[in-house]
Amino acid sequence: MTVISLGSWTPLKLHYPWQVLKMSTVKEQLIENLIEDDKSSQRKITIVGAGAVGMSCAICILLKDLTDELALVDVAEDKLKGEMMDLQHGSLFFHTPKIISGKDYSVSANSKLIIITAGARQQKGETRLSLVQRNVTIMKSIIPALVHHSPDCKMIIVSNPVDILTYVIWKLSGLPATRVIGSGCNLDSARFRYLIGEKLGVHPVSCHGWIIGEHGDSSVPLWSGVNVAGVALKTLNPKLGTDSDTDQWKNIHRQVVESAYEVIKMKGYTSWAVGLSVTDLVGSILKNLRKVHPVSTLVKGLYGIKEEIFLSIPCILGQNGVSDIVKVHLNNEEKALFTKSADTLWNVQKDLVF
């Protein structure tokens with residue numbers, strides 16, 4: 001039999017009988033920390049409302065790599081957690097390191113940008129304006145807490161009726177009007193350009209045209225500015241967009257106005273185009289691109305408007321929100337339609353209680 005000498009080996013003495021040897025974790029054996037991790041976010045975005053529109057915004061923003069932290073807020077806790085987990089499980093395919101969610105508005109703390117999609121959903125056949133008072137009540141319970149946790153944020157309002165709610169949120173938030181931005185006619189103009197492109201057989205990125213005013217039924221198409229490669233279509237057809245136009249270009253604006261109702265009728269809600277449009281605005285703000293977008297902003301003092309209302313006009317968007325507006329020349333017909341759009345909103349807004 002072989003005897004193994006233990007030499008001078010002595011057993012480890014434990015001071016207390018309950019002490020045990022602490023084994024290193026796999027993480028401790030694999031990684032040696034050199035400096036303390038900076039956990040603060042530089043481009044945090046919060047989305048309020050985890051419905052179809054909110055989640056469309058979320059996935060589009062993630063796929064564009066626009067944020068280093070995404071927070072989701074909603075009152076439906078189970079759905080909210082499920083949506084968060086679903087996005088987290090796709091982390092391999094985008095580059096946002098942190099996705100969080102919660103019912104408490106504290107999860108939104110220190111956001112650079114807050115996107116408001118929460119609110120009562122537009123029903124089949126219901127106009128945007130008929131939604132207003134229900135959604136005003138909802139905003140009163142949301143906005144003050146958000147601003148408390150992120151006093152330096154910018155806000156993009158998506159909930160309908162967007163122009164009136166942008167005004168309401170501006171008042172509730174106490175933020176400068178330049179930092180409270182309605183998504184407005186950014187989507188209307190995208191639809192406009194798509195339909196012009198369809199009619200001409202040209203990609204919409206090469207078709208230039210603007211819709212201003214209300215995001216909705218009284219929006220104003222600026223036919224005088226519609227062009228392809230700098231060629232104004234009005235110079236080719238002076239009756240473009242009028243009732244007497246035999247080519248029926250006016251139908252394109254009618255389709256823009258009716259398109260949301262048509263989509264809602266068929267699938268129950270709109271989501272993808274809205275999410276893409278909002279992400280377009282997010283990119284311009286967080287990247288300080290200074291791109292021009294038709295978004296809803298305070299128009300008092302412009303085009304003869306005397307009331308505090310928000311309507312879409314071409315605005316330059318950058319890191320501070322709306323930094324400038326583009327002074328578009330409106331012909332007499334366009335100015336009259338813009339004034340009518342303002343009157344339509346004011347007639348509802350003046351009676352709001354909040």
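Q: Which backbone nitrogen does the side chain of N135 reach?
A: Let's start with where this residue sits in the predicted model. N135 belongs to helix 4 (residues 132-149), where helices are DSSP runs of H or I of at least four residues and strands are runs of E of at least two, numbered from the N terminus. N135 is buried at a relative accessible area of 0% (buried is under 20%, exposed over 50%, partly exposed in between, with a 1.4 Å probe and protein chains only). At 2.6 Å, its side chain reaches the backbone nitrogen of A120.

Q: Which residues is N135 in contact with, leaving aside its neighbours within four places in sequence?
A: Contact here means heavy atoms within 4.5 Å. With those neighbours set aside, the residues in contact with N135 are G119, A120, N160 and L165.

Q: Is S271 buried or exposed?
A: You will find S271 in the loop between helix 8 (250-267) and helix 9 (272-286). Not counting residues up to four places away in sequence, S271 touches A52, V53 and S56. With a relative accessible area of 5%, S271 is buried.

Q: What is the relative accessible area of A229?
A: A229 is in the loop between strand 10 (227-228) and strand 11 (231-232). Although not a glycine, A229 has a positive phi of about 55°. A229 is exposed, and its relative accessible area is 73%.

Q: What phi does N288 have?
A: Most residues other than glycine have a negative phi. N288 lies in the loop between helix 9 and strand 12 (291-298), and counts as partly exposed at 33% relative accessibility. N288 is not a glycine, yet its phi is positive, at about 55°.

Q: What is the radius of gyration of the protein chain?
A: The chain holds ten helices and 14 strands. It is more spread out than a compact globule, because its radius of gyration is well over the 20 Å that the globule rule gives for 354 residues. That rule is 2.2 Å times the number of residues to the power 0.38, and the radius is taken over C-alpha atoms. The value for this chain is 27 Å.

Methods: Residues numbered from 1 in each chain as written. Predicted model: local features only at pLDDT ≥ 70, side-chain atom pairs only at ≥ 80, totals over all residues. Heavy atoms only, no water. Polar contact = N/O pair within 3.5 Å; in protein donor to acceptor, adjacent residues only side chain to side chain.
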